[in-house]
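User: Can you walk me through this structure? Keep it simple, please.
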Amino acid sequence: MKRVAFFTTTRAEFGILSPLISMMEKDKDFKVFLFVGGAHLKKKYGYTKKEIIDRGFKIDAEFNYLDNKEDSYSLSKSTGKSTIILSKIFSNFDFDFVCILGDRYELLSIAINAILFKKPIIHISGGEKTEGVIDDQIRHMITKCAHLHFVACKENADVIHTLGEPNWRVHVTG
């Protein structure tokens, strides 16, 4: 049985992850862990943790790290705080893989812990392009940390290949 930890911090990425999580929960070859943090836990963003529970998902642990401000200092502080909080999750739960989606700065804390705890990273939605924001930098950092890549199209796979990832690690899944 493969034990896969899913980390989610926003409604948007959970909407994409939820069908995969549901399918894996029904498959006897997988044990799923769900860790919820970030915007899911803030009233300001709709407290979407409740939506996750209402949809029948079991949350194994929370990681609450967001400050109320969104300036560079606060985002950096939140990243540091998240790294510490997540280290406790990585210490307390026994899983084989880490699954993350996208390009948000919150993923950096997850990736750092996965590397330090020697957990292979599954990255969904790598290789995409965003002009004029930090998303590309973060996405490419996550790509270089990840072990398996599931991308939307061949063009995104090509971007990941230009970053040096071998063919067998990159899968076009739509």
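Analyst: One term to begin with. Buried means under 20% relative accessible area, exposed means over 50%, and partly exposed is in between, with a 1.4 Å probe and protein chains only. By that rule His 40 is buried, because its relative accessible area is 1%.

User: What kind of model is this?
Analyst: This is a predicted model: local features need pLDDT of at least 70, side-chain atom pairs count only at pLDDT 80 or more, and totals for chains, interfaces and linings use all residues. Residues are numbered from 1 along each chain as its sequence is written, and side-chain values use heavy atoms, with hydrogens and water left out.

User: Back to His 40. Where is it found?
Analyst: His 40 sits in the loop between E2 and H2. The labels are DSSP runs, numbered from the N terminus: helices (H or I) have at least four residues, strands (E) at least two.

User: Which side chain does the His 40 side chain join in a polar contact?
Analyst: That of Thr 8, at 2.8 Å. A polar contact is a pair of N or O atoms within 3.5 Å. Within protein, one atom must be able to donate a hydrogen and the other to accept it. Residues adjacent in sequence count only if both atoms are side-chain atoms.

User: What else does His 40 touch?
Analyst: Leaving out residues up to four places away in sequence, His 40 touches several residues, including Thr 9, Phe 14, Tyr 47 and Ile 52. Touching is contact, meaning heavy atoms within 4.5 Å.

User: Tyr 47 is on that list. What is the phi of Tyr 47 near?
Analyst: Near 40°, a positive value in a residue other than glycine. Most residues other than glycine have a negative phi. Tyr 47 is in the loop between strand E2 (30-37) and helix H2 (49-54). Tyr 47 counts as partly exposed because its relative accessibility is 35%.

User: And Ser 125, what is its phi near?
Analyst: Near 80°, again a positive value in a residue other than glycine. Ser 125 is placed in the loop between strand E5 (121-124) and H5. At 16% relative accessibility, Ser 125 counts as buried.

User: New topic: helices. How do you describe a packed pair?
Analyst: By the angle between the two axes and the distance between the axes. Axes are lines fitted to C-alpha atoms, for helices over the stretch in contact. Angles run from 0 to 180 degrees between N-to-C directions.

User: At what angle do H3 and H4 pack?
Analyst: About 40°, with the axes of helix H3 (residues 72-92) and helix H4 (residues 106-116) 8 Å apart. H3 and H4 are therefore oblique to each other. Under 35 degrees counts as roughly parallel, over 145 as roughly antiparallel, 65 to 115 as roughly perpendicular, and the rest as oblique.

User: Which residues make the contact of H3 with H4?
Analyst: From H3, they include Thr 79, Leu 86 and Phe 90. From H4, they include Ser 109, Ile 112 and Ala 114. By class, this contact has five nonpolar, six polar and no charged residues. Ala, Val, Leu, Ile, Met, Phe, Trp, Tyr, Cys and Pro count as nonpolar, Asp, Glu, Lys and Arg as charged, and the others, Gly among them, as polar.

User: H4 and H5 next. At what angle do they pack?
Analyst: About 15°, with axes 10 Å apart. H4 and H5 are therefore roughly parallel to each other. Leu 107, Leu 108, Ala 111 and Ile 115 in H4 meet Ile 138, Met 141, Ile 142 and Cys 145 in H5. By class, that contact has eight nonpolar, no polar and no charged residues.

User: What about Asp 103: buried or exposed?
Analyst: Asp 103 is buried, because its relative accessible area is 15%. Asp 103 lies in the loop between E4 and H4. A polar contact of 2.3 Å joins the side chains of Asp 103 and Arg 139.

User: Which polar contact does the Asp 136 side chain make?
Analyst: One with the side chain of Arg 139, at 2.5 Å. Asp 136 lies in helix H5 (residues 135-145). Asp 136 is buried, with a relative accessible area of 18%.

User: Last one: where does Arg 104 lie?
Analyst: In the loop between strand E4 (97-101) and H4. Arg 104 is partly exposed, at 40% relative accessible area. The side chains of Arg 104 and Glu 106 are joined by a polar contact of 3.0 Å.
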